[in-house]
2 protein chains.
Amino acid sequence: MGRSQIRLSCQRLSDLAAVLAPALGDRWQESDAQRAAFIGSEGHHSLTMPWAVVQPINADEVQMVVTAAMNRGVPIVPCGARTSLEGNCAASSDAIAVDMTKMNRILTIAPEDLLCAVEPGVTREGLNTELRTTGLFFPVDPGANATIGGMISTRASGTTAVRYGTMRENVLALSVVLPDGRLIRTGTRARKSAAGYDLTHLFTGAEGTLGIVVDATLRLHGVPEVVASGVWPFQSIDGAIQTVIAAMQMGLPVARLELLDDVAVAACNRYSHLELPETPMLFVELHGSPATIDEHRTNLEELGRGNGGRALMLSTDADEQRKLWRARHSALPAARALGPSSVVWTTDVCVPISNLGKAISRTRSMIDRAGLTAPIVGHVGDGNFHVLFVLRPEDEEEWAKARNVNEDMITFALSVGGTCTGEHGIGIGKREALQLEHGDAAVSVMKQIKQALDPKGIMNPGKIFI
Amino acid sequence: MGRSQIRLSCQRLSDLAAVLAPALGDRWQESDAQRAAFIGSEGHHSLTMPWAVVQPINADEVQMVVTAAMNRGVPIVPCGARTSLEGNCAASSDAIAVDMTKMNRILTIAPEDLLCAVEPGVTREGLNTELRTTGLFFPVDPGANATIGGMISTRASGTTAVRYGTMRENVLALSVVLPDGRLIRTGTRARKSAAGYDLTHLFTGAEGTLGIVVDATLRLHGVPEVVASGVWPFQSIDGAIQTVIAAMQMGLPVARLELLDDVAVAACNRYSHLELPETPMLFVELHGSPATIDEHRTNLEELGRGNGGRALMLSTDADEQRKLWRARHSALPAARALGPSSVVWTTDVCVPISNLGKAISRTRSMIDRAGLTAPIVGHVGDGNFHVLFVLRPEDEEEWAKARNVNEDMITFALSVGGTCTGEHGIGIGKREALQLEHGDAAVSVMKQIKQALDPKGIMNPGKIFI
C-alpha cells in the first residue's frame with residue numbers, strides 16, 4: 001500500500017469509528033489485545049490483526065455496520081468460532097472483523113416441522129444441547145464446535161454427512177445482510193420449493209463474500225431409537241477402504257464411517273489415552289431400530305470379511321461413544337502433539353468413491369517417501385479425506401514437501417472428477433485450486449455474481465478468488 | 001410492439017436465419033406446422049408460436065445458436081418435453097425455441113460411483129430403462145415423462161422426493177451454455193464439495209433464464225431389495241393427513257406417500273379402470289429389505305389405526321405396482337376426462353408439514369363452496385399438494401373462482417412459512433407470487449444475477465420475473 005493510500009485508508013477508518021463506536025459501545029473494539037484475539041484460527045495460515053472488531057447483537061446492528069463500512073469502502077471480515085482451516089476469515093489491517101458470536105439465540109424450535117431457526121453465532125454443540133428434550137438433533141458435525149454461521153459459510157459437513165447430508169442439505173432458509181446493507185430472506189420453512197433462483201444455496205458456501213448470514217432455518221432429524229458405534233480394525237488401509245466402497249455401493253445407510261490410518265490411530269492413542277490396535281481402522285456408527293442395526297451390522301461384517309476386517313466392536317453405551325467420537329474429533333490436537341511446537345496444516349480433498357483407494361494410497365506413499373509426519377483421517381463414506389501435516393514452523397524444506405503432497409492430492413482429485421476441498425472451503429489457501437477445478441469461465445461467473453452484489457468488493461475480500 | 005420495432009425484429013430474425021438455417025439444415029424449422037408443435041404444454045396458459053425452432057444436437061451447436069441470437073438480440077426459449085405447467089417455456093412470436101430433445105444421449109453410467117452423465121433431452125423413463133441392468137435407478141419422478149433438462153430447470157420433484165430428494169439433491173454437476181455463448185462446467189463427480197459458489201444449485205430451478213443446460217451429472221440410487229406398494233383408504237382426508245404428519249415426524253423412511261382425495265380417486269377409477277373405494281386415500285410405497293419393510297409397515301399401520309385408516313394393502317407384484325403408479329401419474333388426464341372439452345389448470349403449493357391438514361381442508365372447502373370440480377392430489381410427505389381445476393375454457397366466472405382459490409392457497413402457504421410452488425416453478429403463472437414470497441429485496445438480488453449473466457435479457461424472457 002502506498003503512503004497516500006494508507007492515509008486515505010486511515011481517514012476512512014477513523015470516520016467509521018466515529019459512527020460505530022458511539023453506537024456499539026464496548027462492542028466496538030480497537031485495543032491491541034481485543035484485535036489480537038481475532039488473529040487465531042485452527043488453520044496454518046499466518047493471519048493479520050483486523051483494524052477493529054465489532055460485535056453486533058442483532059440484524060439491525062449488522063445492517064448498520066455493513067452500511068457504514070460500505071459507504072466508506074472499509075472491508076468487512078465476518079467471523080464465527082474461527083475454527084476454519086483455510087484462512088476463510090483472515091483479516092487485514094484495514095478491515096473490520098465482524099464477530100457474530102454474540103448473535104447466539106435460538107429463535108424457534110418447531111419439532112412438528114422438524115426444523116429450527118437460529119442466529120449465526122449458535123454453536124452446533126449449543127444447539128444440540130438445547131434440542132436434547134425434543135427428541136430431535138442437528139446432525140452436521142465438522143468436529144470443531146463451529147458456529148452455525150461459519151458452517152453455512154464454508155458449506156461444512158463432517159462425520160455424519162454420509163447419512164444426513166452436509167450443510168447444503170440441511171439449511172432451509174437464510175436471512176442475509178447484503179454488502180449494500182439490505183436485508184433479504186431466502187428460502188422458506190417448506191421442505192422443498194421451485195420458486196425462483198436458489199439463493200439459499202448461493203449463500204451457503206460463499207464464505208461470507210456475498211453477505212453476512214443473520215439467521216438460518218435448519219432441518220432437524222429424529223434421534224434414532226438406537227445408536228451403536230465402535231471401532232473396526234483392518235489388516236490394511238486398502239482393505240478398510242475397499243469395505244467402505246462396497247458399503248456405499250450397496251447403499252448401506254451407515255451414520256458415520258470414518259477412516260483413521262495407523263499414524264492417526266497412534267496419535268489418537270497417545271493424545272486421548274486409548275489403547276486401540278495401531279492398524280488402519282474405521283470408526284463406525286449405525287442409527288436405527290435394533291432390527292435394522294443388526295441387519296446393517298451383519299451386512300458390514302460380511303463385506304469386511306473378504307477385506308481383512310477384524311471384529312466390528314459396536315457398543316450402545318453413551319459414555320463409550322462419547323469417548324470414541326471425542327478421540328476422533330481430537331485428531332487435530334492429537335496431530336499437533338506429535339511434534340512439539342509444531343504447526344499442523346490440515347488439507348482435504350474429495351473424490352468419487354471408486355477412486356478413494358487410489359487417492360489415499362498414492363498420498364500415503366508420497367508422505368512416506370517425503371519423510372513427513374502426517375496422519376490421514378477421513379469421512380471416507382463421502383470420498384472425503386484429510387491429511388494433517390505436522391510441520392516445524394521454520395523448516396522450509398518440510399513445508400515445500402507438504403505443498404508438493406497437497407498439490408498432488410488436488411491434481412489427482414481433479415483428474416478423477418473430484419474436488420479440491422470436500423468441506424474446508426477455499427479461503428485464502430485454495431484459490432488457485434478453485435481456478436483449476438472450475439476453469440476460467442465458471443470462476444468468471446462466480447466473479448460476476450460477486451461483482452453484482454458487492455461492486456465495491458468490501459465483503460470478506462481476498463477469499464475464494466485470486 | 002410498434003411498427004418500427006416489428007421491422008427491426010424482422011430484420012434481426014432474418015439475419016439469424018441466414019446464419020443458422022444453412023448450418024442446421026432441417027434442424028432449423030420455420031414452417032407453421034413445425035412452429036405450431038411448440039405451442040403445446042401440459043399447462044393451461046395460452047401460448048404463442050415461436051418465430052422459429054432449432055434442434056441442436058451437441059453443445060457446440062447450442063453455443064452457435066446462443067451466440068448468434070445474442071449478437072442479434074433475439075430471445076431464446078429453451079424447451080424439453082414441454083410437460084411443464086406454468087408456461088415455463090412459453091415462446092413469443094419474436095423468439096426462437098431451442099428444442100433440446102435431440103440431445104438425448106446417455107454419456108456415462110458409473111455404477112461404481114452411483115452416478116451417470118446425460119444430455120438434457122434424455123427423459124427420466126428413458127434413463128431408467130437404460131439403467132435396468134445396473135441395479136441402479138434415478139428416483140426423481142414428477143409423473144410426466146419429462147426430460148432431465150426440464151426437470152433440472154424447474155427443480156422438479158414428484159412422488160419419490162420424500163425419500164430420495166428432489167432435483168436439488170440429485171444433480172451433482174452441470175454443463176451450461178451461458179447467454180453470451182460461453183460454456184461452463186459447474187460441480188464435480190464427488191458427493192460433496194466446498195469449492196466456491198454453488199453454481200449447480202443456481203442453474204437448477206432457474207427455468208432456463210440463465211443459460212441452457214447441455215449435460216448433467218446425476219446421482220443414482222440402488223434398486224431396493226424389495227419394493228412394496230399399495231393403497232391405504234381412510235375414513236376422512238384429515239385422518240389420512242394426520243397419519244402422514246405423524247409418519248414424517250417419526251422420520252419413517254417411506255419411499256412414496258401420495259394423497260388422493262375422494263374426487264381424485266373417483267377420477268382415477270373412471271380413467272384408469274380401477275375399483276378403489278371412493279374415499280380419501282394414500283398411495284404408499286416402501287423400499288428396503290423384507291425386515292425393514294415389515295417394520296415400517298407395522299409402524300405405519302399403528303399410526304393409521306388412531307386416524308381412521310383401513311387396511312394397508314401392500315403388494316410386491318411389479319405389474320400391480322405399475323398399474324397403481326400409472327393411475328397416479330394419470331391424475332392430469334383423469335381430471336381432464338371429468339369435464340368434456342375442459343381445460344385443467346394444475347397448481348401446487350408446499351407448506352411445513354404441521355400445516356398440511358389446515359391447508360388442504362381450507363382449499364377443499366373453498367373449492368366446494370365455489371362449486372368447482374377440482375381433485376386434490378399431493379406428494380404429502382413433503383407438505384406439497386396439487387389442485388387440478390377442471391374448467392370450461394369459456395366460462396369466465398369459473399376461471400375467476402379458480403383464480404380465487406389459487407390465490408388463497410398461495411396466501412395461506414406463505415402465511416405459514418411455505419412456498420407458492422413446491423415443484424412446478426414460477427414460469428409465467430406465478431410471477432406475482434414470487435414477489436410476495438421473497439419480497440422486493442430478494443427478488444432484486446435474483447434480478448441482479450440475471451442482469452449480470454444475461455444483460456440483454458435474451459434467455460427465456462418473461463419467465464420468473466414480472
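How many residues does the contact take from chain B and from chain A? In this predicted model, chain B contributes 71 residues and chain A contributes 72 residues to the contact.

On the side of chain B that touches chain A, the elements giving two or more residues are strand 9 (183–187), helix 8 (199–203), strand 11 (221–222), helix 9 (237–250), helix 11 (290–305) and helix 16 (431–453) of chain B. Helix 16 of chain B gives the most to that side, with 12 residues, and the residues of the side divide into 28 nonpolar, 29 polar and 14 charged.

Chain B is superposed on chain A by a rotation of 180 degrees with 0.0 Å of shift along its axis, at an RMSD of 0.0 Å. That is the relation of a two-fold axis, and the same surface serves both copies, since 100% of the contact residues of chain B recur in chain A.

Within chain B, 7 strands form an open sheet in the order 15-12-14-13-17-18-16, with antiparallel pairing. Strand 15 and strand 16 of chain B stand at the edges, each with a single partner strand, so one side of each is left without a neighbour in the sheet. Neighbouring strands of this sheet are turned by 20 degrees against each other on average, direction ignored.

| Strand of chain B | Residues |
|---|---|
| strand 13 | residues 256–260 |
| strand 17 | residues 376–379 |
| strand 15 | residues 313–315 |
| strand 16 | residues 343–350 |

Strand 13 and strand 17 of chain B run antiparallel and are joined by 2 bridges; the bridge partner of B:L260 in strand 17 of chain B is B:V377. Helix 12 (residues 318–329) of chain B packs on the sheet, where it touches strand 12, strand 13, strand 14 and strand 15 of chain B, and its direction makes about 55 degrees with that of strand 12 of chain B.

Definitions and conventions:
Residues numbered from 1 in each chain as written. Chains lettered and ligands numbered in written order. Predicted model: local features only at pLDDT ≥ 70, side-chain atom pairs only at ≥ 80, totals over all residues. Least-squares fit on C-alpha atoms with pLDDT ≥ 70 in both. Contact = placed C-beta atoms within 7 Å. Helix = DSSP H or I, 4+ residues; strand = E, 2+ residues; numbered from the N terminus. Nonpolar A, V, L, I, M, F, W, Y, C, P; charged D, E, K, R; others polar. Pairing = 2+ DSSP bridges. Axes fitted to C-alpha atoms, helices over the stretch in contact; angles between N-to-C directions.
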